[in-house]
There are 2 protein chains.
Amino acid sequence: MISVVILGAGNVAHHLYKAFVSSEHVNVKQWYNRNISAITSFKDEVKITDDVSQLVEADIYIIAVSDDGIAELSQKLPFEDRFIVHTSGSVSAYDLDMKNRRGVFYPLQTFSKSANIDFSQVPVCIETLMRKDHALLKSLAESITQITKRINSDQRAALHLAAVFVNNFTNQLYRVAHEITESQGAEFDLLKPLILETALKIQDLSPFKAQTGPAKRNDKKTIKRHLKLLDNEHHKDLYKLLTASIKNTHDQYKL
Amino acid sequence: MISVVILGAGNVAHHLYKAFVSSEHVNVKQWYNRNISAITSFKDEVKITDDVSQLVEADIYIIAVSDDGIAELSQKLPFEDRFIVHTSGSVSAYDLDMKNRRGVFYPLQTFSKSANIDFSQVPVCIETLMRKDHALLKSLAESITQITKRINSDQRAALHLAAVFVNNFTNQLYRVAHEITESQGAEFDLLKPLILETALKIQDLSPFKAQTGPAKRNDKKTIKRHLKLLDNEHHKDLYKLLTASIKNTHDQYKL
């Protein structure tokens, strides 16, 4: 049984709490948040506190607060040589105060308050500064997910950056599609099955092999017609750059 | 019972054939292709031909060939005043030869040879030049899918263009993510659950509401770090333009 204390009350903290509570191998000993009201609804299930001096002893302390708050909170912890991890994709493990043993427990997924996530399918990327802490952190990850991966800081930074492309940027393309359809009184909803199929296709096929469409075919007639159709300069720029990107990717393999 | 003849043997033609054959309300009377070898494997199930002069009579002729071949094939048809539709998102119904009644039967999905598609969830957008043909085309669509929509040519053009954004361009972002992860020896596969969740989220939430991340938060520190991490100028350009696009979308609602 691994004992943990969760610090923070954002989406990641909430989803981790739920996943840990559902596991037989984890005991959530305490939940800390600076603002206690965010977790008072859990007070009958778990010990809660808003006072770092009241933190109980545990195998792992999980700091799941916003990136900017991680270093400061780690400095406030009133103990030494315990094992502390944060959950951020973009903060260094070295940003944690060095008085404790340090690591990272990075769940690579987008979490929202409302959406239920099957945590067993969420990849958890782990990193520890001391080798001896690895086994424990790995056990913790394996207690809630089938996908765990030991990575170093450079790999985590690359994954976090790549996640911005496949999540935030992709979502912005959905937004642009929304604007394009609405502008002609067409229904964005009609695109939803295609959006889902595009993501499903990539589960078994490389993005390179999955590509289709006018840019890949170098279908100049369609590209020209599309550019004429776009009256928003901003959408035009995106169309041009992404078309060039596809051509660039696929041309270099044609030689 | 609606009788149809399919013309063409690409992915759309194959998926339509399968869907029609599975429907009780449709009788595929014949399958035509210029190159007969592409459909000879079906010769025991359906009448096949590579000769337009041998085309049998049917309620609807469905031209599912590449965009460039639609007009020419429609001109070659040796009959008049029958009902002809094509399946393209970007070709006008007026490109079909006017000797016949004309329409469009546009399934809004990405089709590949290998992937099995549940056609009942594929939106079929229909358009007829003569009002009297609408009911028949609608019945045909309803015989294979739960999602049918009457649209005009402008709406179809907008949907086809928007489809390029959510399918081809999104897939290219997956490709860039692949390049970024590989360059650091990180596994692209770790991003697959995130890719799927991003598409699932949009099924119930508008892209505007679903947006998260550094660009939306205007988290300059993270944006700067990401740009520094990108050594490919091309990836940098995409990052900048898409970040500006997100800011632009979300700033205008902050005022």
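How many residues of domain 1 of chain A are in contact with domain 2 of chain A?

1. Ground rules. This is a predicted model, where local features need pLDDT of at least 70, side-chain atom pairs count only at pLDDT 80 or more, and totals for chains, interfaces and linings use all residues. Residues are numbered from 1 along each chain as its sequence is written, while chains are lettered from A and ligands numbered from 1 in the order in which they are written.

2. Confidence. Chain A has a mean pLDDT (the predictor's confidence in each residue, from 0 to 100) of 95, with 98% of its residues at 70 or more. For the model, ipTM is 0.94 and pTM is 0.93.

3. Domains of chain A. To answer the opening question, 9 residues of domain 1 of chain A are in contact with 6 residues of domain 2 of chain A; contact is scored when C-beta atoms, placed from the backbone, lie within 7 Å. On the domain 1 side, β6 (101-107) and β7 (124-128) of chain A each give at least two residues. That side divides into 5 nonpolar, 3 polar and 1 charged, where nonpolar covers Ala, Val, Leu, Ile, Met, Phe, Trp, Tyr, Cys and Pro, charged covers Asp, Glu, Lys and Arg, and polar covers the others, Gly among them.

4. Overall form of chain A. There are 9 helices and 8 strands in chain A, both being DSSP runs numbered from the N terminus (helices H or I, at least four residues; strands E, at least two). Chain A is more spread out than a compact globule, because its radius of gyration is 23 Å, well over the 18 Å from the globule rule for 255 residues. That radius is taken over C-alpha atoms, and the rule is 2.2 Å times the number of residues to the power 0.38. The C-alpha atoms of chain A fill a box of roughly 70 × 45 × 30 Å along the principal axes.

Notes
Contact = placed C-beta atoms within 7 Å.
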